[in-house]
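Hello,

Here is the structure I promised to hand over. Please open it first, then read my notes below.

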Amino acid sequence: MPEQDPEGERNAILAALVPVAEGIAATFGPVCEVVLHDYRRPENSVVAVAGSLTGRAVGGAMSEIGMRVLARGDEARDELNYVTRTGAGHLLKSSTMVLRDSTGAVFGALCVNLDAGAVQQAQALLAALAGTGESVQAPVTIFGNDIDSVVDAILDAHESRRHQNWAGLGRAERLALFRSLDEQGVFAVRRAVEHVAGRLGISRASAYSYLSQARATSAPASEGARP
């Protein structure tokens, strides 16, 4: 079996990764930079650069991150998805993936940098356009092609929140249900009382009675709120 050439193997790995670096940068576009390092020559470790975020060029030196990796030797581990900032103030999200030969020895790194500042600006623009400057829990709006399906969905939502059917509700809870449905505009819909009565398994007369009582008990608060 021929004797392995460690240096030749490392050179081959680096050569194979040059088009990989170019492909990654091309995929993500101008917000991405990929740098390939050969740690055998720390002062001039950069052997390939695709993209331009940090201003480095082939023959450039490694950063302090690379130096930290180099200092750990073969015990070095990948450093993924960390945030850093360039001297010019550009915010970067980066990953440094160590390169090893067949013996497990660390000899270089493939570094991917993304312009996090540009991404944040894009997010801010989209949030402004969408009218969601901050993350909020939006209320659910029920849509349907016919009004009965909308009323059904509202009743389903009420039933889901109560975890009880109509028969299990006390008088106060029944009035509260009708009051809530009324506040949501359900009873402004023609035939809604009959529809609700059918869903709840009560007579139309009972439904009208509950609605009347619900409105009567809420009337003082409404009147008190008038100017």
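E79 lies in strand β3. Helices (H or I, at least four residues) and strands (E, at least two) are DSSP runs, numbered from the N terminus. E79 counts as buried, because its relative accessibility is 15%. The classes are buried under 20% relative accessible area, exposed over 50%, and partly exposed in between (1.4 Å probe, protein chains only). The side chain of E79 makes a polar contact of 2.8 Å with that of R68. A polar contact is a pair of N or O atoms within 3.5 Å; within protein, one must be able to donate a hydrogen and the other to accept it, and residues adjacent in sequence count only if both atoms are side-chain atoms. Leaving aside residues up to four places away in sequence, E79 touches I65, R68, V69, R72, S94, S95 and T96. Contact here means heavy atoms within 4.5 Å.

A word on the source. This is a predicted model, where local features need pLDDT of at least 70 and side-chain atom pairs count only at pLDDT 80 or more, while totals for chains, interfaces and linings use all residues. Residues are numbered from 1 along each chain as its sequence is written, and side-chain values use heavy atoms, with hydrogens and water left out.

Now the sheet. It is open, has 5 strands and runs in the order β2-β1-β5-β4-β3, with antiparallel pairing. β2 and β3 (79-85) stand at the edges with a single partner strand each, so one side of each has no neighbour in the sheet. Neighbouring strands are turned by 20 degrees against each other on average, direction ignored. Two helices pack on this sheet. Helix α1 (residues 6-28) touches β1, β2, β4 (91-100) and β5, and its direction makes about 170 degrees with that of β1. Helix α2 (residues 64-72) touches β3 and β4, and its direction makes about 140 degrees with that of β3. Axes are lines fitted to C-alpha atoms, for helices over the stretch in contact, and angles run from 0 to 180 degrees between N-to-C directions.

Which strands pair with β1, and over how many bridges? β1 and strand β5 (residues 106-115) are antiparallel over 7 bridges. In that pairing, D38 stands opposite G108. β1 and strand β2 (residues 46-50) are antiparallel over 4 bridges. There, V35 stands opposite V49. Two strands count as paired if DSSP finds at least two bridges between them.

β1 itself (residues 32-38) is mostly covered, with 7 of its 7 residues buried. In a regular strand the side chains alternate between the two faces of the sheet. One side of β1 carries C32, V34, L36 and D38, the other E33, V35 and H37, and all are buried.

Next, the cores. A nonpolar core is a set of buried Ala, Val, Leu, Ile, Met, Phe, Trp, Tyr and Cys residues joined through side-chain atoms within 4.5 Å. The largest one has 21 residues; W166, F178, L181, V186, F187, V196 and I202 have the most contacts inside it. Two or more residues come from each of α4 (147-162), α5 (171-183), α6 (192-200) and α7 (204-224). α6 gives the largest share, 5 residues. V186 touches V151, I154, L181, A192 and V196, not counting residues up to four places away in sequence. A second, separate core has 13 residues, including L17, C32, A48 and V112.

Last, the charges. A salt bridge is a side-chain nitrogen of Lys or Arg within 4 Å of a carboxyl oxygen of Asp or Glu. The count is 12 salt bridges. One of them joins E7 and R10 at 3.3 Å, N to O. Both residues lie in helix α1, 3 residues apart, about one turn of the helix. E7 is partly exposed at 37% relative accessible area, whereas R10 is buried at 16%.

E7 also forms a salt bridge with R40, with the closest N and O atoms 2.5 Å apart. E7 lies in helix α1 and R40 in the loop between β1 and β2, so the pair ties together parts that are 33 residues apart in sequence. R40 is partly exposed, at 30%. A network of salt bridges links E7, R10, D38, R40, R41 and D101.

Another salt bridge joins E194 and R204 at 3.6 Å, N to O. This pair links distant parts of the chain, with E194 in helix α6 and R204 in helix α7, 10 residues apart. E194 is partly exposed, at 31%.

Best wishes
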